[in-house]
Amino acid sequence: MADDAIGHAAAAGEMLWAARIIERHFDLVYYIRGEAATIHRWLSVLPAEVVRSRPRLLLAQAIMAATSGHFEIVDPLLDAVACAPSGWADEPFEPLGGAAVSNLINVPALTTLVRSFVAQYHGDAEATAAFARQTLAEIKPGERMLSANATVFLAVAEWLRGRLTDAERAIASSVTGWHETGQLTMAAWSYYSLVLIQRAQGRLDAAGQTCEQALATLVTAGRPVPAAGLGYVGLADVAYQRDELDLALRYTTEGIALCRQF
């Protein structure tokens, strides 16, 4: 009952306690449930000086900024990670679900992983690959989620180099891995990357089939996870390319409704 716990801790003025609860639950709430809005709401109760002193919270902010397209604030947040007081490293950290399904478990590795993501945004294949390899070098045994992310980013570097077939093969393999570990939000991103690659190859039928597969599998408790909105975005793009504008509008509308939760 993290939501209640954070509220009670904040009401008692125990902001460090609240911060630790947010850190412990971030991976589950953001990567598996895809609830960025929940994380934003939790962080809003913390004083800015508390967030600045917690590298994991700074990284959480950087990740959410990057994935929502606000890249102008990512580098300052990553620089703040390096300047944070060192005492945090002595605290025990036990993410919900364990180290295997956590990105926040390893601050140095996650910092370089986010830098790789920023490099992708700028279309810099060499920096994307270099930061991904640096991430792999920082990872400790058992940190499977970080390792899988870095491997996907190496595939994205191939994509940026124009090696679409190699990139498609590697990213398709990552989808299987995300499903096996229950990482549906990460699976959604991989599906969407496949759609973009297939569209770049002019394979609209394949892109549409990938979207349909995504929507059929990105479901928990009988409902699509918020990240499934990316599947509707992909279908809308395929319909638009075919000049099926009424269908494109319908898919876009459905995608927006889910992505607003995401």
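The following conversation goes through a predicted model and asks how some of its descriptions are reached.

Biologist: What makes the protein chain as compact as a globular protein of its length?

Modeller: The chain's secondary structure comes to 14 helices and two strands. Its radius of gyration is 19 Å, close to the 18 Å that the globule rule gives for 262 residues, so the chain is as compact as a globular protein of that length. Along the principal axes, the C-alpha atoms fill a box of roughly 55 × 35 × 35 Å, and buried residues make up 48% of the 262 residues.

Biologist: Why is the pair of tyrosine 30 and tyrosine 31 called edge-to-face?

Modeller: A search of the whole structure finds seven aromatic pairs, and this is one of them: the ring centres are 5.1 Å apart and the planes stand at 85°. Centres within 6.5 Å make a pair and planes over 60 degrees apart count as edge-to-face, so the name follows from both values. Both tyrosine 30 and tyrosine 31 are buried.

Biologist: How do you know whether phenylalanine 71 is buried or exposed, and what is phenylalanine 117 counted as?

Modeller: The relative accessible area of phenylalanine 71 is 11%, which is under 20%, so this residue is buried. Phenylalanine 117 has 24% relative accessibility, which falls between 20% and 50%, and therefore it counts as partly exposed.

Biologist: What makes helix H7 mostly covered?

Modeller: Eleven of the 15 residues of H7 are buried, among them Val107, Leu110, Leu113, Val114 and Val118. What covers the buried residues of H7 includes H5, H6, helix H8 (125–138) and helix H9 (144–160). From its first C-alpha to its last, H7 reaches 21 Å, close to the 21 Å expected at 1.5 Å a residue.

Biologist: How do you know that alanine 127 counts as buried?

Modeller: Alanine 127, whose place is in helix H8, has 18% relative accessibility, and because this is under 20%, the residue counts as buried. Alanine 127 and arginine 115 are twelve residues apart in sequence and 8.5 Å apart in space, C-alpha to C-alpha.

Biologist: What makes arginine 56 a charge over the face of phenylalanine 93?

Modeller: Arginine 56 is at 3.9 Å from the ring centre of phenylalanine 93 and lies over its face; the distance cut-off is 6 Å, so 3.9 Å meets it. Arginine 250 likewise lies over the face of tyrosine 251, at 5.0 Å from the ring centre.

Biologist: Why is aspartate 243 called exposed, and what phi does it have?

Modeller: Its relative accessibility is 57%, and because this is over 50%, aspartate 243 counts as exposed. Aspartate 243 lies in the loop between helix H13 (229–241) and helix H14 (245–261), and it has a positive phi of about 65° although it is not a glycine. Most residues other than glycine have a negative phi.

Conventions:
Residues are numbered from 1 along each chain as its sequence is written. This is a predicted model: local features need pLDDT of at least 70, side-chain atom pairs count only at pLDDT 80 or more; totals for chains, interfaces and linings use all residues. Side-chain values use heavy atoms; hydrogens and water are left out. Rings of Phe, Tyr and Trp (its six-membered ring) pair if their centres lie within 6.5 Å; planes under 30 degrees apart count as stacked, over 60 as edge-to-face and the rest as tilted. Buried means under 20% relative accessible area, exposed over 50%, partly exposed in between (1.4 Å probe, protein chains only). A charge sits over a ring if NZ of Lys or CZ of Arg is within 6 Å of the ring centre and within 35 degrees of the ring normal. Helices (H or I, at least four residues) and strands (E, at least two) are DSSP runs, numbered from the N terminus. The radius of gyration is taken over C-alpha atoms; the globule rule is 2.2 Å times the number of residues to the power 0.38. The expected span of a helix is 1.5 Å times one less than its number of residues. Contact means heavy atoms within 4.5 Å.
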